[in-house]
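Me: I would like to learn how to read side-chain features in a protein model. Could you take me through them one at a time?

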Amino acid sequence: IKDTVAELYYNTFKRFTRIQGNRALCYHAFGSKLKHDTYGISIDIKKFEEHIKYLSDHYRIVNIYDSKNITEDTISVTIDDGYKDNIQAINILSKYNFPFTLFISSNFLNKAGYLSNDDIKDISLINNSEIGTHGNTHVRLNKLDYDEQLNELSKSKIILESLINAEVDCMSYPHGSYNMNTLDLVKKIGYRYAASSIKGINTSATNQYLLKRIEIISSDSIKSLDKKIKGYYDYYQIRT
């Protein structure tokens, strides 16, 4: 049903109203078997490289924030959570000289299946890499009061900055969850931008604290990846 609606949405509306801008992709894991993965956030690493090769051949790849100053169609690659298998994906991104942003939930560092402190330090030294936060404990921010959100957003920033010895000024919302307190805090704490789970195109008019992304999952072939980039599924927004 979802795919049928997507075809109708694109062919009767989206294709005629489409604007130029940036499509940011959100990946998570690469081949690991995750107990909590109920719909396929862990994509086969070979399929991931197929995606990257396709993107390299067809699109200009830029950092998600830099895209706001570019009027042509571009693609950005982001990775959430900080699983250990991200290293394989980062090696592929480096091979194709892709800029990327890695959003880390700092409380998971050094735990089984997740990146270590040393991994983060090494990744931060890679050309075109950017380290951002994904909250401290990956909790839904809109379920927390103001002070609890302040702790989540501040602690993760401080931990990562101490690791890479550089400013960490970007973040993505865990579960795509936020509220007005969140938007107020990310500005006050000093984040330059924040990435959401809202589908759509980023342009110069997009709120820098609600940059749009679309999730890529294990079942996404090149054909479905292309459809997501074109906006077939923009009609479908997950509630936070």
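Me: How many aromatic pairs are there?

Reply: This is a predicted model. The count comes to 12 aromatic pairs. Take Tyr27 and Phe48 as a case: their ring centres are 4.9 Å apart and the planes stand at 85°, so this pair is edge-to-face.

Me: Where do Tyr27 and Phe48 lie?

Reply: Tyr27 is in strand E1, and Phe48 is in helix H2, which spans residues 45–58. The pair therefore ties together parts that are 21 residues apart in sequence.

Me: Is Tyr27 buried or exposed?

Reply: Tyr27 is buried, at 0% relative accessibility. Phe48 is buried too, with a relative accessible area of 0%.

Me: What is the geometry of the rings of Tyr83 and Tyr114?

Reply: Here the planes are at 25° and the centres 5.0 Å apart, so Tyr83 and Tyr114 are stacked. The cut-off for stacked is under 30 degrees, and for edge-to-face over 60. Tyr83 sits in the loop between E3 and H3, Tyr114 in the loop between E4 and H4, so the pair ties together parts 31 residues apart in sequence. Both Tyr83 and Tyr114 are buried.

Me: Which residues form an aromatic cluster?

Reply: Tyr9, Phe13, Tyr235 and Tyr236 form one.

Me: Next, charges over rings. Which charged residue lies over the face of Tyr65?

Reply: Arg192 does, at 4.7 Å from the ring centre. Another case is Lys157, over the face of Tyr191 at 5.9 Å from the ring centre.

Me: Now the nonpolar core. Which residues of the largest core touch the most other members?

Reply: That core has 39 residues. Leu25, Tyr27, Phe48, Leu55, Leu102 and Ile120 touch the most other members. H2 gives the most to this core, with five residues. Tyr27 and Phe48 are also the edge-to-face pair from above.

Me: What is Leu25 in contact with, leaving aside its neighbours within four places in sequence?

Reply: Its partners are Leu55, Ile75, Ser76, Val77, Thr78, Ile214, Ile216, Leu225 and Ile229.

Me: How many residues are in the second core?

Reply: The second core has 12 residues and is separate. Leu141, Leu144, Leu153 and Leu183 are among them.

Me: On to charge pairs. How many salt bridges does the structure hold?

Reply: First the idea: side chains of opposite charge can pair when their charged atoms come close. This structure holds 16 salt bridges. One of them joins Arg18 and Asp73, with the closest N and O atoms 3.4 Å apart. Arg18 lies in the loop between helix H1 (2–17) and strand E1 (22–27), Asp73 in the loop between strand E2 (60–61) and strand E3 (74–81), so the pair ties together parts that are 55 residues apart in sequence. Arg18 is partly exposed at 30% relative accessibility. Asp73 is partly exposed as well, with a relative accessible area of 22%.

Me: What is the N to O distance between Asp119 and Lys84?

Reply: It is 2.6 Å, and the two side chains meet in a salt bridge. This pair also links distant parts of the chain, 35 residues apart: Asp119 in helix H4, Lys84 in the loop between E3 and helix H3 (86–95). Asp119 is buried, with a relative accessible area of 12%. Lys84, at 37%, is partly exposed. The cut-off for buried is under 20%.

Me: How many residues apart are Lys230 and Asp226 in helix H7?

Reply: They are four residues apart in H7 (residues 222–230), which means a separation of about one helical turn. Lys230 is partly exposed at 31% relative accessibility, whereas Asp226 is buried at 14%.

Me: Which residues are linked in a network of salt bridges?

Reply: Lys14, Arg23 and Asp234 are.

Me: Last, the backbone. What is the phi of Asn110?

Reply: The general idea is that most residues other than glycine have a negative phi. Asn110 has a positive phi, near 75°. Asn110 is in the loop between strand E4 (100–104) and helix H4 (117–124), and it is partly exposed at 47% relative accessibility.

Me: Where is Asn128?

Reply: Asn128 is in the loop between H4 and strand E5 (129–133). Asn128 has a positive phi of about 75° although it is not a glycine. Its relative accessible area is 37%, so Asn128 is partly exposed.

Methods:
Residues are numbered from 1 along each chain as its sequence is written. This is a predicted model: local features need pLDDT of at least 70, side-chain atom pairs count only at pLDDT 80 or more; totals for chains, interfaces and linings use all residues. Side-chain values use heavy atoms; hydrogens and water are left out. Helices (H or I, at least four residues) and strands (E, at least two) are DSSP runs, numbered from the N terminus. Buried means under 20% relative accessible area, exposed over 50%, partly exposed in between (1.4 Å probe, protein chains only). A salt bridge is a side-chain nitrogen of Lys or Arg within 4 Å of a carboxyl oxygen of Asp or Glu. Rings of Phe, Tyr and Trp (its six-membered ring) pair if their centres lie within 6.5 Å; planes under 30 degrees apart count as stacked, over 60 as edge-to-face and the rest as tilted. A charge sits over a ring if NZ of Lys or CZ of Arg is within 6 Å of the ring centre and within 35 degrees of the ring normal. A nonpolar core is a set of buried Ala, Val, Leu, Ile, Met, Phe, Trp, Tyr and Cys residues joined through side-chain atoms within 4.5 Å. Contact means heavy atoms within 4.5 Å.
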